[in-house]
Amino acid sequence: MQTVLFHDTIFGPIHSRRLGISLGVNLMPNDGKICSFDCVYCEAGYNAQGQGTTGVPSRDQVRKQLRKKLAAMHEAGEALDVITFSGNGEPTLHPQFKQIVHDVINLRNHYFPEAKVSVLSNSTMAGKPSVIEALKMVDNNILKLDSAIAHTLRLINQPKSDNVQPDGVIADLKAFGGKCIVQTMMLRGEHNGKHIDNTTDAEIDALIAAYLEIKPREVMLYSIDRKTPEENLEKVSADELQRIADRMRAAGITVQVNA
């Protein structure tokens, strides 16, 4: 079983193909995974590997470790484009997510005021009031929508709750009033004997309709770049991603392709 976990609360900096030089904030355990999705393409592996033994870091631990890292980077004259909430699961599940976002913004303002603060979220908590407040504070509120068709969403993302449906996700994202970025993974393949493909005309039409309703700042289209827990998946080529993006742009949607 693939288990590519981040073993630190603050990790990097790494070069992100989407965000630049990124310092990661992992609000999940350092030796396990906690997520409300179980995506077939997740580089951290499936949830079946367990939640580990360390538990989630406290607000104080995150603040102290991030301050130490930012101070060292600033002293060394290192560059930083973004501080990104990511890691071993869904960051918005942390019980002190809003308070931690506040701390991160304050530390960013002190050490690297030009850097952005980004959150990579699977959207499952995007309707929770405290999460909404937190996501409205960050520079890049990046929310996932891999399919606007229920059957495909469940195949790709394998949500733990049956209540996660495209209509609900779209409504939650729409409520941000355009102050969000939608991230969509394009892929094909098989999982447990079932065919997966969110690149069909029907899928793209449904996504376009969803984007037009959500009105995000932009859409990030990308495909598989690293090893996935499901081995029978196919990376969508850069050329095909551009063709899909062009269809979306023709509908008036701003699209960034990360090939």
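R249 counts as partly exposed, because its relative accessibility is 32% (buried is under 20% relative accessible area, exposed is over 50% and partly exposed lies in between, with a 1.4 Å probe and protein chains only). The model is predicted, so local features need pLDDT of at least 70 and side-chain atom pairs count only at pLDDT 80 or more, while totals for chains, interfaces and linings use all residues. Residues are numbered from 1 along each chain as its sequence is written, and side-chain values use heavy atoms, with hydrogens and water left out.

**Salt bridges**

- The whole structure has 17 salt bridges (a side-chain nitrogen of Lys or Arg within 4 Å of a carboxyl oxygen of Asp or Glu).
- R249 meets D246 in one of these, at 3.0 Å from N to O.
- D246 and R249 are three residues apart in helix 7, so about one helical turn separates them (helices are DSSP runs of H or I with at least four residues, strands are runs of E with at least two, and both are numbered from the N terminus).
- With a relative accessibility of 44%, D246 counts as partly exposed.
- Helix 7 (residues 238-250) also holds R247, whose partner D201 sits in helix 6, 46 residues apart, so to speak a link between distant parts of the chain.
- The closest N and O atoms of D201 and R247 are 3.0 Å apart.
- D201 is exposed at 55% relative accessibility, whereas R247 is partly exposed at 31%.
- E43 and R226 form another salt bridge, with their closest N and O atoms 3.0 Å apart.
- E43 belongs to the loop between strand 2 (20-26) and helix 1 (59-76), and R226 to the loop between strand 9 (218-222) and strand 10 (233-235), so this pair ties together parts 183 residues apart in sequence.
- E43 is partly exposed at 29% relative accessibility, and R226 is partly exposed with a relative accessible area of 43%.
- A network of salt bridges links R59, D60, R63, K64 and D103.

- F85 lies in strand 3 (residues 82-86) and F97 in helix 2, twelve residues apart, and the pair links distant parts of the chain.
- F85 is buried, with a relative accessible area of 0%, and F97 counts as buried at 2% relative accessibility.
- Helix 2 (residues 97-111) also contains R108, which is buried at 9% relative accessibility.
- Leaving aside residues up to four places away in sequence, R108 touches L70, I83, P113, A115, K116, V117 and D139 (contact means heavy atoms within 4.5 Å).

**Helix 5 against helix 6**

- Helix 5 (residues 166-174) packs with helix 6 (residues 201-214) at an angle of about 30°, and their axes are 8 Å apart (axes are lines fitted to C-alpha atoms, for helices over the stretch in contact, and angles run from 0 to 180 degrees between N-to-C directions).
- The two helices, helix 5 and helix 6, are therefore roughly parallel (under 35 degrees; over 145 is roughly antiparallel, 65 to 115 roughly perpendicular and the rest oblique).
- I170, L173 and K174 of helix 5 make the contact with A210, E213 and I214 of helix 6.
- By class, this contact has four nonpolar, no polar and two charged residues (Ala, Val, Leu, Ile, Met, Phe, Trp, Tyr, Cys and Pro are nonpolar, Asp, Glu, Lys and Arg charged, and the others, Gly among them, polar).
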